[in-house]
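I opened this entry to record what I looked up in one structure. The notes follow the order in which I checked things.

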Amino acid sequence: MMTQSDLDLRETALKEDLKFYFMNPCEKYRARRQIPWKLALQILKILMVTTQLVFFGLSNQLVVSFKEENIVAFKHIFLKGYSGTDEDDYSCSIYTQQDAYDSIFYVINQYRHLKNTSLGTLGYEHEESGLKICKQQYKRGTMLPSNDTLNIDVSTETECILLKPKELIGKKAELELNSSFFNLEFYRLIQVEISFKLQGIALQTIHARELPDCYAFQNTITFNNRAHSGKIKIYFDSDTDIQECKDWHVFNSVLQKNTQYILVFDGFVILSCLASLILCTRSIILAWRLQKRFVNFFLEKYKRCVCYSDRLEFLNGWYVLVIISDVMTIIGSILKMEIKAKNLSSYDVCSILLGTSTLFVWVGVIRYLGYFQTYNVLILTMQASLPKVLRFCCCAGMIYLGYTFCGWIVLGPYHEKFEDLNTVAECLFSLVNGDDMFATFAQIQQKSSLVWMFSRLYLYSFISLFIYMILSLFIALITDSYDTIKKYQQSGFPVTDLHEFLKDHSSAGYRKERTSFPFICCCRRQQSDDNLILIN
């Protein structure tokens with residue numbers, strides 16, 4: 001059996017460890033001269049990760065602009081009569097058979113003379129590649145609209161030909177273009193798809209002191225006649241793939257050195273994130289061990305278990321956030337280094353990882369603002385109101401989904417903002433925020449009086465319900481949490497088993513001497529702040 005003195009010694013040691021665990025970095029330094037390495041490392045990491053993101057963003061901006069400008073150039077080169085502005089979700093449209101033939105042969109002719117037409121650094125993929133033309137149509141049938149007669153086999157067939165660059169020169173090309181393949185029966189025709197691949201080199205990166213990228217553009221032009229409405233919609237789609245240049249020689253040492261410097265900087269970012277990951281993981285493990293000590297001691301002395309909320313006090317959510325951020329930064333930095341060395345082209349994956357990790361890093365700054373009383377009240381309000389807000393959003397979301405489905409099925413044929421579910425959800429969300437209200441009311445077609453009256457009832461009820469009632473309740477939840485926190489600040493927060501256990505423990509032994517470095521104690525709290533609960 002353990003003696004009472006041993007139990008008292010364990011209790012005293014446990015209280016000191018618990019008191020030290022819940023101190024902020026400046027108090028820990030004053031208590032045990034423990035240098036806040038994690039705090040200094042997080043500040044350094046914020047600067048490094050943000051700088052890395054800016055460099056990558058500037059490089060990615062060149063990639064995006066090169067892609068977009070090439071797609072616009074392709075539309076002007078290969079689409080006959082392209083006005084420069086897309087029509088809804090398609091590029092342009094045609095209405096006669098002659099326009100269809102002219103548009104198809106225009107694409108072939110422009111592909112044939114690409115090197116003499118394009119202003120960019122474009123070329124064919126290789127000599128064996130070419131222009132692939134496929135037509136999809138119903139197998140057979142006859143149609144006499146004057147007699148309302150239709151006899152058609154709905155099973156489809158697809159026929160394709162490949163026109164190589166060499167074959168498009170000379171008499172052989174004329175024979176190919178005059179073949180029966182291009183005799184289109186438009187009442188059977190479903191679509192014509194023309195696909196070709198082009199290569200390009202982005203030389204603009206040289207001006208940014210970066211090595212050039214090689215691009216592969218997989219272009220597809222689709223003449224869509226599925227509706228058979230007398231209007232063929234022409235879609236232009238381009239998939240861009242960034243590839244490693246197989247054989248390039250850039251005679252400028254500045255580009256090589258600049259690339260090496262950036263790779264070294266990315267290496268330092270990886271090392272700093274790795275150190276932060278190790279320190280935060282170590283802190284979580286030590287906190288779990290301390291929690292286990294406290295739970296076992298509380299059970300041994302008071303014969304009851306520690307409540308769940310007290311156990312959560314030991315789980316530092318900020319450390320979890322930092323760990324996730326570090327892992328994403330390390331993976332993103334490795335991908336960035338490979339992209340910089342022209343071994344990879346996963347710009348989207350790298351952007352998501354680096355962007356999200358930087359977001360988490362800056363959100364983590366809130367933890368250090370919580371050491372100050374003014375900011376701590378606001379942060380505690382956010383923490384206290386979050387569970388209520390999430391439950392409220394679940395209930396409001398059910399009403400929102402109901403309006404979404406109802407608007408889609410009823411107003412879809414009469415309003416462009418209600419044509420599909422995604423557009424309906426975005427339209428209703430903009431209405432909740434008070435955007436574009438009059439235009440939404442005015443654009444409804446008045447072809448059906450019943451639908452027009454329903455649209456007014458639908459929009460008025462949705463706006464009144466969400467703006468005047470649901471948003472007001474949403475704000476009331478946050479206001480109520482703020483008032484509760486302010487009241488707790490004056491009268492004291494609810495005392496849990498953990499706070500009761502630490503209440504009678506004096507921390508005088510930690511205040512032996514003040515540091516001679518005033519910038520380290522910038523976070524020193526006043527005695528009046530001791531009744532506040534700090535976010536862990």
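Basis. The model is predicted, and I took local features only at pLDDT of at least 70 and side-chain atom pairs only at pLDDT 80 or more, while totals for chains, interfaces and linings use all residues. Residues are numbered from 1 along each chain as its sequence is written, and side-chain values use heavy atoms, without hydrogens and water.

Whole chain. I found 16 helices and nine strands; these are DSSP runs numbered from the N terminus, helices being H or I with at least four residues and strands E with at least two. Of the 536 residues, 40% are buried (buried is under 20% relative accessible area, exposed over 50%, partly exposed in between, with a 1.4 Å probe and protein chains only).

Helix pair. I looked up how α3 (residues 37-78) and α4 (residues 97-112) pack: the angle is about 115° and the axes are 9 Å apart. Axes are lines fitted to C-alpha atoms, for helices over the stretch in contact, and angles run from 0 to 180 degrees between N-to-C directions. On the α3 side the contact uses H76, I77 and F78, and on the α4 side Y106, V107, Q110 and Y111 (contact means heavy atoms within 4.5 Å).

- D102 pairs with K80 at 4.0 Å, N to O. D102 lies in α4 and K80 in the loop between α3 and β1 (92-94), 22 residues apart. D102 is partly exposed at 26%, as is K80 at 42%.
- D266 pairs with K336 at 3.0 Å, N to O. The pair links α7 (residues 253-302) to α9 (residues 317-340) across 70 residues. Both D266 and K336 are buried.
- K388 pairs with D480 at 3.6 Å, N to O. K388 is in α12 and D480 in α15 (residues 449-491), 92 residues apart. K388 has a relative accessible area of 30%, and D480 has 40%.

Surface patch. I noted a nonpolar patch of M398, I399, L401, F405, W408, I409 and L421, with about 660 Å² of accessible area together. Patch residues have over 30% relative accessible area and no salt bridge; like charges are joined within 9 Å and nonpolar side chains (Val, Leu, Ile, Met, Phe, Trp, Tyr) within 5 Å. Areas come from the Shrake-Rupley method with a 1.4 Å probe, and for residues only the protein chains shown count as cover. Helix α12 (residues 373-411) supplies six of the patch residues, while L421 sits in α13 (residues 421-432).

Definitions and conventions
A salt bridge is a side-chain nitrogen of Lys or Arg within 4 Å of a carboxyl oxygen of Asp or Glu.
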